[in-house]
Amino acid sequence: MDRELSKDFVIAKRKKRLIKFSIIIVIIILPIWYIIDHIKPSVELKKVLLSTVSVGEVENSFSSNATIEPYYQELLTSSISTEILEINKAAGDIVGPNDTLFIPNVEDLISQKIQIEREIALKLNSISRSQEELQQKRRALRNNLKKDSIQLQQLQSQLEKEKYLFNIGGGSQQKVDQAQIDYQLSSINRNNQKGEFESFKKLQKLDLERMELELQLKKQEKMKMETLISQAFVQPKINGIITSILVQPGEHVSEGQALAHVADAQRFKIEGSISTRYADKVYVGQKALVDINDSILHGLVTAISPSVDNGSISYTVNLENPQHRLLKAKLKVEVRIILSEQENRLRIANGDYYFGPGYTDLFVKIGDQLEKRKVKLGGANFDFVEVISGLEEGETVIISNAFNEKHKKYNSLSCSE
C-alpha cells in the first residue's frame with residue numbers, strides 16, 4: 001500500500017525543479033546575450049552623413065527664430081469725425097496711392113467750405129469798393145488841387161498887382177493886406193486838402209491791409225477745408241496689401257481713429273528676438289544670415305529694442321535684397337547673427353549633431369573602422385562648425401545625431417563603402 005507524500009516534501013521537490021530550470025535558462029541565455037552584445041554592427045557609409053575636416057573661414061554666430069514682416073506698414077486713420085458711408089476695398093486687396101478705401105460723409109465740411117467761399121467773395125468786394133473809394137478820393141483831390149492852384153495863382157497875381165499899385169501911389173495898404181490875406185488863406189486851404197488826403201490814404205491803406213489779411217486767412221481756411229475733404233477720402237501713401245479693415249459701413253468714427261492697415265507687399269524685413277544673455281553681443285550694424293528654404297540671405301541688424309519682454313530682446317534685420325522672391329509675410333525663418341569671422345580654422349559641416357560649443361562624441365573613419373572620439377567644437381554658422389580639438393584636417397567624420405545616439409555604447413565600429 002502506497003503511502004501519501006507529505007506536503008513539505010512536494011514543495012521542496014518543486015523548488016529543486018525550478019532552480020534546475022532557471023540554471024539551464026541562464027546557461028543558455030548568457031552566452032547568447034554576450035555574443036549579441038559584443039558583435040559590432042557593420043556600417044555602410046553611403047547610408048550616413050559624412051563630412052571631411054577642412055581648413056577655412058568659420059563665422060562664429062548664434063541662431064535665433066524670427067519672422068518675415070513687411071518693410072513698411074501704414075496705419076490709415078480718419079482725418080475728421082464723421083460717418084463711414086461705404087468701404088470700397090477688403091482685406092487682402094492690393095491698393096495704391098490713387099485708391100480710395102473709404103467714402104465718408106462730408107456734407108458738413110462742404111457746407112462750411114461754401115460758407116467760407118461766400119465770405120471770401122464779400123471780402124474781395126469790400127476790398128474792391130475801398131480801392132474804388134480811394135481812386136475817387138484821389139481824382140477829386142487832384143481836381144480840387146488844380147482848381148486851388150489856379151485860384152492861388154490868381155490871388156498871387158492880385159497880390160503882386162496891389163503891391164505894385166501901392167508902390168506907384170495908385171492903391172492902398174488895405175487892399176494889399178486883403179490880397180495878402182486872401183492868398184494865405186487859399187494856400188492854407190490847399191495844404192489842408194493835401195494833408196487830409198494823405199491821412200485818408202494812410203487810413204485807407206491800413207483798412208485795405210486789414211481786409212487783405214482777413215482775406216488771406218479765409219483763403220487759408222478754405223485750403224484747410226479742401227484738404228480735410230480730400231483727406232477724408234482715405235487713400236494709402238504706398239503700394240501694398242490691406243492686412244485689416246477696422247470699421248464697418250455706417251459706423252461713426254472719431255478724428256484720428258484707426259481705419260485700416262496697409263503693408264508693403266514688395267519689400268520685407270526680419271523681426272526676431274534673442275535671450276537677454278546675448279544682449280551684450282548684439283549691436284546695430286552687425287552681420288546676419290537668414291535661412292529661407294535652404295537659401296541664405298544676407299543682412300544687417302538695424303534696430304535693437306531697449307526694453308526686455310518676457311526675458312527676450314527684439315531686433316530688426318534689414319536685408320540686402322528686401323524684394324527676394326522667397327520672402328513672404330509672416331514666414332518663420334532662422335537667423336544667425338555673426339559674432340566674429342575667423343580665418344584658417346579646422347571645420348566640419350554643420351548638422352543636427354551640433355548643440356553649441358563644447359565637447360561631443362563623434363565617430364571618425366580610420367580605414368575600415370569608425371573610432372569614437374571626444375571632439376571639442378567652437379562656434380558655428382549655417383554651413384560649418386569650428387573644430388577646436390579632437391580632429392585633424394582631411395579626416396572623415398559622421399555628422400548625424402541619430403547615428404551617434406544609436407551607437408553611443410560602442411567605442412568603435414566596422415564600416416564599408
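## Arginine 373

Arginine 373 counts as buried because its relative accessibility is 17%, and buried means under 20%. The model in which this value was computed is a predicted one. Arginine 373 belongs to strand β17, which covers residues 369-380.

A polar atom of the arginine 373 side chain lies 3.0 Å from the backbone oxygen of glycine 390. Neighbours within four places in sequence aside, the contacts of arginine 373 are Thr360, Asp361, Leu362, Val364, Ile366, Gly390, Leu391 and Glu395.

## Serine 42

Serine 42 has a relative accessibility of 52%, so this residue counts as exposed; the cut-off for exposed is over 50%. Serine 42 is located in strand β1, residues 42-44.

When residues up to four places away in sequence are not counted, serine 42 touches Ser414, Cys415 and Ser416. Along the chain, serine 42 and leucine 370 are 328 residues apart, while their C-alpha atoms are separated by 9.5 Å.

## Nonpolar cores

In soluble globular proteins, nonpolar side chains tend to be buried together. In this model, the largest nonpolar core contains 22 residues. Ile270, Ile274, Val290, Ile292, Val333 and Val335 have the most contacts inside this core. At least two of its residues come from each of β3 (54-70), β11 (268-275), β12 (287-292), β13 (295-304), β14 (312-319) and β15 (332-349). Strand β14 gives the most, with 4 residues.

Isoleucine 270 is in contact with residues including Ala66, Ile68, Val290, Tyr315, Val317, Leu319, Val333 and Val335, leaving aside neighbours within four places in sequence. There is also a second, separate core of 14 residues, among them Tyr353, Leu377, Val397 and Ile399.

Definitions and conventions
Residues are numbered from 1 along each chain as its sequence is written. This is a predicted model: local features need pLDDT of at least 70, side-chain atom pairs count only at pLDDT 80 or more; totals for chains, interfaces and linings use all residues. Side-chain values use heavy atoms; hydrogens and water are left out. Buried means under 20% relative accessible area, exposed over 50%, partly exposed in between (1.4 Å probe, protein chains only). A polar contact is a pair of N or O atoms within 3.5 Å; within protein, one must be able to donate a hydrogen and the other to accept it, and residues adjacent in sequence count only if both atoms are side-chain atoms. Contact means heavy atoms within 4.5 Å. A nonpolar core is a set of buried Ala, Val, Leu, Ile, Met, Phe, Trp, Tyr and Cys residues joined through side-chain atoms within 4.5 Å.
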